[in-house]
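Trainee: I have the sequence and the model open. Could you take me through the helix packing, please?

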Amino acid sequence: MYGTRLGPLSLVTVVALVGAFGLAAFYAPMDADQGFSQKIIYVHVPLAIVTLCGFVFGAIMAMKHLRTRDPRYDLKSYTAIHMSLVFGTGALITGMIWAKASWGVWWEWREATLVSFLIVFLLYCTYQPLRFSIEDPERQARYASVFALTAGAFVPVNFIAVRLADAYIHPRVLTTSGSGLTPEMNVAFFGAIIAMGLLFATFWKLEMTNKHTRFQVRALKRKLGGDDVTIGGGRSAAPRYIEGPDGR
Amino acid sequence: MNETLPDNAGYVAAAYLVFVALLLIYLSITAYRLRNLERELSELSELADGEPKVPEPAAEGTSSP
């Protein structure tokens, strides 16, 4: 049962998001250097951080799938990567808007942070076509898990490599020597990261509930309708494991 | 309007609107899938209703005309 506590979680997420954006708008002071456009970081950076964390979570679930061969972990990994791609799209678009406001250009190819994020994003964009290209569900799940694990390991390596790069113009919000933000900005910023993490958790849970319910409905349909009933509607990128109505 | 709004307010509004738009798009897709699920459930309900195919034996003492 993935829908358990989805209601309270949604409520907490809404309160956290409204609170965090409220703090960003009214509590956090205006940045002396960037001016009002700095307010974009309260949505852009949390989106980017949660995206990368989602990819790593997907890798952990994929590893569990490879170890146990339990299809539920494949579903969890698939859903995490799926949600991360949605959040990553948001991070890229809001980042481009911020770049235009601060640098005067929509994109800067010489900036390692931007390009590395785009590479990771595009790498994960191949995840769905990879799954779709494999018809056998078990093989599809296995290959997808290997991909998710490898790509997931690439995320922190890529992050460290970019940090070690000397020349960059992209501001560093999270550093070991302090974030460079005022205490008020920090409250709003970390509040926004928590709120975005909660949003990811809510959507992930909602997606899992949706998929799990669909599997149950189709399993029941097959049980009632016999072999005449088509399950899964042909080839699909989504996991297609069939469960019993008891959810096992 | 420019006298009250800070510089780059349009970009900030655009960034937050993108975020809200993504939320709405995702919720719309979820609503669409929920509708499909509802349709599948009604098909399931029809299957369940039509399952007892063996006719019930007529009660003794009753005759059809």
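**Helix packing in chain A**

Mentor: Let us begin with one pair of helices. In α4(A), A:A112, A:T113, A:S116, A:V120, A:L123 and A:Y124 meet A:A151, A:V155, A:N158 and A:V162 of α6(A). Residues are in contact if their C-beta atoms, placed from the backbone, lie within 7 Å. Helices (H or I, at least four residues) and strands (E, at least two) are DSSP runs, numbered from the N terminus. This is a predicted model, in which local features need pLDDT of at least 70, side-chain atom pairs count only at pLDDT 80 or more, and totals for chains, interfaces and linings use all residues. Residues are numbered from 1 along each chain as its sequence is written, while chains are lettered from A and ligands numbered from 1 in the order in which they are written.

Trainee: At what angle do the axes of α4(A) and α6(A) cross?

Mentor: They cross at roughly 175° and come within 10 Å. Axes are lines fitted to C-alpha atoms, for helices over the stretch in contact, and angles run from 0 to 180 degrees between N-to-C directions. The two helices α4(A) and α6(A) are therefore roughly antiparallel, a term for angles over 145 degrees.

Trainee: Which residues of α6(A) are buried?

Mentor: Among them are A:Q140, A:F147, A:A148 and A:G152. A residue is buried if 20 or more other C-beta atoms lie within 10 Å of its own. The cover over the buried residues of α6(A) includes α2, α3, α4 and α5 (127-132) of chain A.

Trainee: New topic: how many helices and strands has chain A?

Mentor: Chain A has seven helices and zero strands. Buried residues make up 37% of its 248 residues.

Trainee: And how many residues are in the largest nonpolar core?

Mentor: That core has 63 residues, and those with the most contacts inside it include A:I40, A:A148 and B:A15. A nonpolar core is a set of buried Ala, Val, Leu, Ile, Met, Phe, Trp, Tyr and Cys residues joined through C-beta atoms within 7 Å. Its largest share, 14 residues, comes from α3(A).

Trainee: What does A:I40 touch?

Mentor: Leaving aside neighbours within four places in sequence, A:I40 is in contact with residues including A:W98, B:Y11 and B:A15. Overall, 23 residues of chain B are in contact with 26 residues of chain A.

Methods. Two residues are in contact if their C-beta atoms, placed from the backbone, lie within 7 Å. A residue is buried if 20 or more other C-beta atoms lie within 10 Å of its own, exposed if 12 or fewer, and partly exposed in between; C-beta atoms are placed from the backbone. Angles under 35 degrees count as roughly parallel, over 145 as roughly antiparallel, 65 to 115 as roughly perpendicular and the rest as oblique.
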